[in-house]
Amino acid sequence: MGKGPQQATGQDKILQDQLRSSGVIPRHIAIIMDGNGRWAKKRGMPRIAGHAEGVESVRDTVEACGQLGVGFLTLYAFSTENWKRPKEEVSLLMRLLLKALKDETDRLNNNNVRLQAIGDIGALPSEVEQELCDDIEKTRDNTGLTLTLALSYSGRWDLTQAVRAMIRDAAAGKLSESEVNEAFIGQRLSTAGMPDPDLMVRTSGEFRISNFLLWELAYSEIYITEKYWPGFRREELYAAIGDYQKRERRFGMVSEQLK
Ligand code: FPP
């Protein structure tokens, strides 16, 4: 038997079956995981406790996406701007990330999840970078959910590196103006080869995209929940997908053209 996510059971299976029959499951879901610090503060705990509980939310969301047949899940785990946080928090976050990667790779493998990363990976502490690269390698042949971690990532960073690479190619005579179109630019971004997100979820009630996937979110449906990320579990994901299924995606056209 091929490997795959352990299937949902009981009430959870009923909820997943309902979602499958009520509409299309988004092919790509992107999430801005926000509110870890506020979740912890509300409980009189240190911020890192919120990040640690956030790892549990990641685990549950990844499993549920795999079971539902979501193709791509992209998580904004650490932005370019997050480097400006107090040194101690950055260092604790990196340690947590390292531990999560070490602890979860076998589970990802058993669930047929392929791990990927986007962002300035070389800026991560070498131990984290090494573990990440090893885990990407270990899961590269998996054919289920593609889990992409955005690390030291921002949409502007990505567009900047893409423009620089194009300028280098043009200067070397390997690229002419007429070759540059939207598809070409998309192929120069770190998300090359992935479909654009159908649904973008942001937790903690903030109405911002915070430099996430600036190019790719052009036509994504956006779902904002008041829940802080550490309190986000699969039921919230189902609510987001259920809401998405009620949207009419017109891509600039009019309703009648979609019929
Ligand atoms: C935002 O909350 C969250 C982050 C900057 C880090 C997210 C990291 C994790 C969930 C843990 C590791 C991730 C993986 C993929 C294993 P915040 O700190 O901005 O919260 P606040 O707005 O309430 O201060």
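How do the residues of the lining of the largest pocket divide into nonpolar, polar and charged? Keep that in mind as you tour this predicted model.

**Stop 1: the largest pocket**

Next, colour the lining by residue class. Here is the reply to the opening question: 21 residues are nonpolar, 10 polar and 11 charged.

**Stop 2: the second largest pocket**

Move on to Glu182, Gly186, Asp196, Trp215 and Glu216. They lie nearest the centre of the second largest pocket, which 19 residues line. Its volume is about 320 Å³. Keep the class colours on. This lining has 9 nonpolar, 5 polar and 5 charged residues.

**Stop 3: a patch on the surface**

Switch to a surface view. Select Tyr219, Phe251, Met253 and Leu258. Together they form a nonpolar patch with about 380 Å² of accessible area.

Zoom in on Phe251. Look for it in the loop between helix 8 (234-245) and helix 9 (255-258). Is Phe251 buried, partly exposed or exposed? Its relative accessible area is 44%, so Phe251 counts as partly exposed. That class runs between the cut-offs of 20% for buried and 50% for exposed.

Notes: Residues are numbered from 1 along each chain as its sequence is written. This is a predicted model: local features need pLDDT of at least 70, side-chain atom pairs count only at pLDDT 80 or more; totals for chains, interfaces and linings use all residues. Side-chain values use heavy atoms; hydrogens and water are left out. Ala, Val, Leu, Ile, Met, Phe, Trp, Tyr, Cys and Pro count as nonpolar, Asp, Glu, Lys and Arg as charged, and the others, Gly among them, as polar. On a 1 Å grid over the protein atoms alone, a cavity is a set of points where a 1.4 Å probe fits but cannot get out, and a pocket is an open set with protein on both sides within 12 Å along at least five of seven lines; lining residues have an atom within 4 Å of a point. Grid points are joined across faces, edges and corners, and a volume is the space filled by probe spheres set on the points. Patches are made of residues with over 30% relative accessible area and no salt bridge: like charges are joined within 9 Å, nonpolar side chains (Val, Leu, Ile, Met, Phe, Trp, Tyr) within 5 Å. Accessible areas come from the Shrake-Rupley method with a 1.4 Å probe; for residues, only the protein chains shown count as cover. A salt bridge is a side-chain nitrogen of Lys or Arg within 4 Å of a carboxyl oxygen of Asp or Glu. Helices (H or I, at least four residues) and strands (E, at least two) are DSSP runs, numbered from the N terminus. Buried means under 20% relative accessible area, exposed over 50%, partly exposed in between (1.4 Å probe, protein chains only).
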